[in-house]
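Have the model open as you read.

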Amino acid sequence: MLFLQAETEALGQIASEEVKHTVFSQIVAGGWTMIPLAILFVAAIFLFVERLLSIRKADKDPQQFMATVRSYILSGNLDQAKDYCIKENSPFARMILKGINRLGSPLRDIASSIEAVGNLEIHQLEKRLGILATIAGAAPMLGFLGTVLGMIAAFNKISMLEGAVSPEKLAGPISTAMVTTAGGLVVGVVAYLGYNYLINLVGRVIYNMESTSLEFADLLQEPVSLNEK
């Protein structure tokens with residue numbers, strides 16, 4: 001029984017090594033276009049992880065934040081409200097901090113300053129997402145280019161062969177040329193899915209920012225004049 005189990009495990013390891021060797025050989029056979037595709041794949045993964053961590057850090061629930069800010073402001077503790085915003089360190093906290101710093105100015109100026117900070121925060125959230133979108137579009141085209149070049153090289157080689165060309169002689173070069181298309185599609189799909197997922201996260205953060213700014217504007221309309229404090 002132990003002998004059969006050991007033999008099965010050994011066969012499984014051999015099969016796994018053969019699969020890895022076959023995949024690696026296919027990638028190498030794809031030609032020089034597989035090098036930029038590999039670079040784009042690594043770049044897409046890096047950009048996705050970096051943006052995900054940054055956006056996740058900004059994706060906080062603003063309800064508790066605004067409740068605390070409201071209590072500080074209505075009690076006249078503006079310095080504590082500012083310190084709390086600095087400690088919170090989120091896009092909507094920086095927007096509200098700007099609004100608190102402008103208390104005493106006309107409401108229109110306060111709203112304009114908050115909007116300006118919000119636009120800067122949105123720009124920071126969307127930073128480098130365009131590169132991810134470019135990779136999603138460029139990778140399949142680069143893979144197709146590699147396939148076309150590979151097909152041209154394959155048919156040039158076939159034209160120099162003497163005698164009848166059998167399907168077996170065509171299968172190898174064509175399958176090798178198609179590797180770049182598959183690689184380009186894989187990179188493109190990964191980048192595309194990552195880009196859309198991050199865009200959805202950014203949209204949720206922007207919604208929280210807008211709701212926070214509206215709630216702060218309502219707070220300024222409270223019966224007690226905050227601009228006089």
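## Ground rules

Helices here are DSSP runs (H or I, at least four residues), and strands are E runs of at least two, numbered from the N terminus. This is a predicted model, in which local features need pLDDT of at least 70 and side-chain atom pairs count only at pLDDT 80 or more, while totals for chains, interfaces and linings use all residues. Residues are numbered from 1 along each chain as its sequence is written, and side-chain values use heavy atoms, with hydrogens and water left out.

## The largest pocket

A pocket is an open set of points on a 1 Å grid over the protein atoms alone, where a 1.4 Å probe fits and protein lies on both sides within 12 Å along at least five of seven lines; lining residues have an atom within 4 Å of a point. The largest pocket holds about 300 Å³ of space, a volume being the space filled by probe spheres set on the points, which are joined across faces, edges and corners. Its lining counts 18 residues, and Met95, Ala111, Ile114, Glu115 and Ser213 are the closest to the centre.

Both α6 (107–125) and α8 (167–220) put at least two residues into that lining. By class, the lining has twelve nonpolar, four polar and two charged residues (nonpolar: Ala, Val, Leu, Ile, Met, Phe, Trp, Tyr, Cys and Pro; charged: Asp, Glu, Lys and Arg; polar: the others, Gly among them).

## The second largest pocket

Next up is a pocket of about 170 Å³. Among the residues lining it are Arg51, Lys57, Asn89, Pro91, Arg94, Glu121 and Lys127. Two or more lining residues come from each of α2 (34–58), α5 (91–101) and α6, with α2 giving the largest share, four residues.

As for α5, eight of its eleven residues are buried (under 20% relative accessible area with a 1.4 Å probe, protein chains only; exposed is over 50%, partly exposed in between). Pro91 and Met95 are among the buried ones.

## The greasy patch

Trp32, Ile35, Ile39, Phe144, Leu145, Val148, Leu149 and Ile152 make a nonpolar surface patch of about 790 Å². Patch members have over 30% relative accessible area and no salt bridge, and nonpolar side chains (Val, Leu, Ile, Met, Phe, Trp, Tyr) are joined within 5 Å. Two or more patch residues come from each of α2 and α7 (129–159), and α7 gives the largest share, five residues.

Ile152 sits in helix α7 and counts as partly exposed because its relative accessibility is 46%.

Notes: Patches are made of residues with over 30% relative accessible area and no salt bridge: like charges are joined within 9 Å, nonpolar side chains (Val, Leu, Ile, Met, Phe, Trp, Tyr) within 5 Å. Accessible areas come from the Shrake-Rupley method with a 1.4 Å probe; for residues, only the protein chains shown count as cover. A salt bridge is a side-chain nitrogen of Lys or Arg within 4 Å of a carboxyl oxygen of Asp or Glu.
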